[in-house]
Amino acid sequence: MLGGRRLAASCSRWAASGTATGPFQRCGWQSMHTSNILLQRQVSKPSTSSVKVWFIPNPFKWLHNRMEIAVLQKEWDPSFNLEAFKFGATQAICTVTDLMSQREWGELRGLLTQKAIDKLRATKWTFDQTHNLTLSPENVQAIVIKDVKLQSIVDQKYCDIDVLLIGAREPYSVDKHSLVLLEYFARFHRNYSEGRLPEWTITVFKLQSFQAAPQRTRT
């Protein structure tokens with residue numbers, strides 16, 4: 001479970017709210033590179049539905065993660081489903097972006113550890129970042145499992161799954177920007193020791209990359 005009732009209540013916002021749209025400047029095709037990500041969009045369309053993101057993983061890391069997940073399913077948690085985890089992780093990360101953009105720090109308890117919340121509160125955002133932090137599920141382009149770690153210490157068992165969520169959203173100011181590309185990193189932690197609640201908690205959360213494509217000047 002990812003955050004329990006608090007996450008379920010927070011995620012209801014997405015069902016009740018739509019996505020703002022704004023005009024894109026017509027300038028054909030563009031491509032942007034960020035780490036292992038390839039973004040391509042046709043900016044003549046006034047919607048982020050024209051954005052396509054591909055993530056090219058490290059094949060050795062991908063194989064390592066698959067092997068760790070296989071061990072998790074076989075020895076620790078036969079009910080673990082990767083696709084269900086990705087869905088829950090997407091909802092959780094989007095909820096966190098919404099709450100932190102509104103500075104509702106108290107609502108993050110139960111989703112994030114206090115240490116992670118304190119670090120977010122201390123983050124110095126730029127003006128553009130502050131107004132473009134929220135990422136809704138319909139704007140998510142890719143969710144990537146970056147790393148899987150299983151640790152056994154005596155009778156204690158811990159699992160950490162690092163997730164990268166990539167999305168493209170309409171900018172807060174359509175006069176200034178044509179598109180905003182966001183990459184969020186989150187580390188999901190679960191204590192699999194006997195007697196522990198079956199819940200995942202985010203121990204690390206950060207905006208890993210922020211790119212705002214400038215709006216072209218009309219001629």
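**Packing, charge pairs and aromatic contacts in the predicted model**

Glutamine 129 is found in helix H5, residues 127-130; helices (H or I, at least four residues) and strands (E, at least two) are DSSP runs, numbered from the N terminus. This is a predicted model, where local features need pLDDT of at least 70 and side-chain atom pairs count only at pLDDT 80 or more, while totals for chains, interfaces and linings use all residues. Residues are numbered from 1 along each chain as its sequence is written, and side-chain values use heavy atoms, with hydrogens and water left out.

Back to glutamine 129: with 16% relative accessibility, this residue counts as buried. Buried means under 20% relative accessible area, exposed means over 50%, and partly exposed is in between (1.4 Å probe, protein chains only). The glutamine 129 side chain reaches the backbone nitrogen of threonine 126 at 3.1 Å. Leaving aside residues up to four places away in sequence, glutamine 129 touches Lys124, Leu207 and Phe210, a contact being heavy atoms within 4.5 Å.

Next comes the nonpolar packing. A nonpolar core here is a set of buried Ala, Val, Leu, Ile, Met, Phe, Trp, Tyr and Cys residues joined through side-chain atoms within 4.5 Å. The largest one has 42 residues, and Leu112, Phe188 and Phe205 are the members that touch the most others. Two or more residues each come from helices H2 (59-76), H3 (82-101) and H4 (114-121), and from strands E4 (140-153), E5 (156-169), E6 (177-191) and E7 (201-214). H3 hands over the largest share, nine residues. As for leucine 112, its contacts are Val96, Ile117, Leu120, Thr201, Ile202 and Phe205, again not counting residues up to four places away in sequence. There is also a second, separate core of six residues, with Phe55, Ala142, Val144 and Leu164 among them.

Strand E6 is worth a paragraph of its own. Of the 15 residues of E6, 13 are buried, so the strand is largely enclosed by the rest of the structure. E5 and E6 run antiparallel and are joined by 12 bridges; two strands pair if DSSP finds at least two bridges between them. On the other pairing, E6 and E7 are likewise antiparallel, with 12 bridges. Phenylalanine 185 turns up in both pairings: this E6 residue is the bridge partner of leucine 164, and it stands opposite lysine 206 in E7.

Now for the charges. Side chains of opposite charge can pair when their charged atoms come close. A search of the whole structure finds four salt bridges, each being a side-chain nitrogen of Lys or Arg within 4 Å of a carboxyl oxygen of Asp or Glu. One of them joins aspartate 147 to lysine 61, with the closest N and O atoms 2.9 Å apart. Aspartate 147 sits in strand E4 and lysine 61 in helix H2, so this pair ties together parts that are 86 residues apart in sequence. Aspartate 147 is buried at a relative accessible area of 9%, whereas lysine 61 is partly exposed at 32%.

Arginine 190 pairs with aspartate 77, the closest N and O atoms being 3.5 Å apart. This one links distant parts of the chain, since arginine 190 is in strand E6 and aspartate 77 in the loop between H2 and H3, 113 residues apart. Both arginine 190 and aspartate 77 are buried. Arginine 187, in turn, pairs with aspartate 162, with closest N and O atoms at 2.6 Å. Here E6 and E5 supply the partners, arginine 187 and aspartate 162 respectively, so the parts tied together are 25 residues apart in sequence. Arginine 187 is partly exposed, with a relative accessible area of 27%, but aspartate 162 counts as buried at 6%.

That leaves the aromatics. The structure holds seven aromatic pairs; rings of Phe, Tyr and Trp (its six-membered ring) pair if their centres lie within 6.5 Å, and planes under 30 degrees apart count as stacked, over 60 as edge-to-face and the rest as tilted. Phenylalanine 85 and phenylalanine 188 make an edge-to-face pair, 5.6 Å centre to centre with 75° between the planes. Phenylalanine 85 belongs to helix H3 and phenylalanine 188 to strand E6, 103 residues apart, and both phenylalanines are buried. For tyrosine 192 and tryptophan 200, the ring centres are 6.2 Å apart and the planes at 80°, so this pair is edge-to-face; tyrosine 192 and tryptophan 200 are both buried.

Note on methods
Polar contact = N/O pair within 3.5 Å; in protein donor to acceptor, adjacent residues only side chain to side chain.
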